[in-house]
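These are my notebook entries on one structure. I list what I looked up, with the cut-offs I applied.

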Amino acid sequence: MVGKERLVVESDFARLPYVKACARETLRLHPVAPFNLPHVAIDDAIVSNYFIPKGSMTLDGWTPRGGASRARSPNDIDIVYHRESKCMGAQLGTAMPYMLVGRVLQAFEWSLPADETSIDLPEERISLYIAKPLMACAKTRLPDLLEFL
């Protein structure tokens, strides 16, 4: 879609929906923080049979793998899911991850180390970290453009 003469730029994002989905899926599976911004109830409310009085502050907690409502294989990328997502800072907060993922995929060929046969990303039970680091080998695909990454 972009070619080998230049690197991915922001105006390319509209033509790269799977790159965008990969970046969002990475942040969904391994978020930067365990909670979203706090919310304050402007009226009394009942949510999932819980009474929340007006003025209460709530935190939308982290649910591993996106919760039961989005239960699917962690290796499947659901591009429709990512088109439906709404977030106040989505445009501001996702431009750089899109650029990073797009350029890293464009500029390098990726493979597993010789002693690895598959990719396994087990999660730690009580943290946001993966239990085993991802190991991969990168081979330069665009040597003339590396200085611009």
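A salt bridge is taken as a side-chain nitrogen of Lys or Arg within 4 Å of a carboxyl oxygen of Asp or Glu. Accessible areas come from the Shrake-Rupley method with a 1.4 Å probe, and for residues only the protein chains shown count as cover.

I noted that this is a predicted model, in which local features need pLDDT of at least 70 and side-chain atom pairs count only at pLDDT 80 or more, while totals for chains, interfaces and linings use all residues. Residues are numbered from 1 along each chain as its sequence is written, and side-chain values use heavy atoms, with hydrogens and water left out.

Surface. I found a nonpolar surface patch of about 270 Å², made by Ile119, Leu121 and Leu134. Leu134 sits in the loop between strand 5 (108–111) and strand 6 (137–140); helices (H or I, at least four residues) and strands (E, at least two) are DSSP runs numbered from the N terminus. The protein chain exposes about 11,200 Å², of which carbon and sulfur atoms supply 60%.

Fold. I counted 3 helices and 6 strands in the protein chain, in the order α-β-β-β-β-α-α-β-β along the sequence.

Of the 149 residues, 23% count as buried (under 20% relative accessible area; exposed is over 50%, partly exposed in between; 1.4 Å probe, protein chains only). A nonpolar core is a set of buried Ala, Val, Leu, Ile, Met, Phe, Trp, Tyr and Cys residues joined through side-chain atoms within 4.5 Å. The largest one has 9 residues: Val2, Val8, Phe13, Leu16, Val19, Ala23, Ala95, Tyr98 and Met99. Helix 1 (17–29) and helix 3 (90–107) are the elements that give two or more residues to this core, and helix 3 supplies the largest share, 3 residues.

Aromatic pairs. I paired rings of Phe, Tyr and Trp (its six-membered ring) with centres within 6.5 Å; planes under 30 degrees apart count as stacked, over 60 as edge-to-face and the rest as tilted. This rule gives 2 aromatic pairs. The ring centres of Phe13 and Tyr98 are 5.3 Å apart with planes at 85°, so this pair is edge-to-face. Phe13 lies in the segment before helix 1 and Tyr98 in helix 3, 85 residues apart. Phe13 counts as buried at 8% relative accessibility, as does Tyr98 at 5%.

Notes: Patches are made of residues with over 30% relative accessible area and no salt bridge: like charges are joined within 9 Å, nonpolar side chains (Val, Leu, Ile, Met, Phe, Trp, Tyr) within 5 Å.
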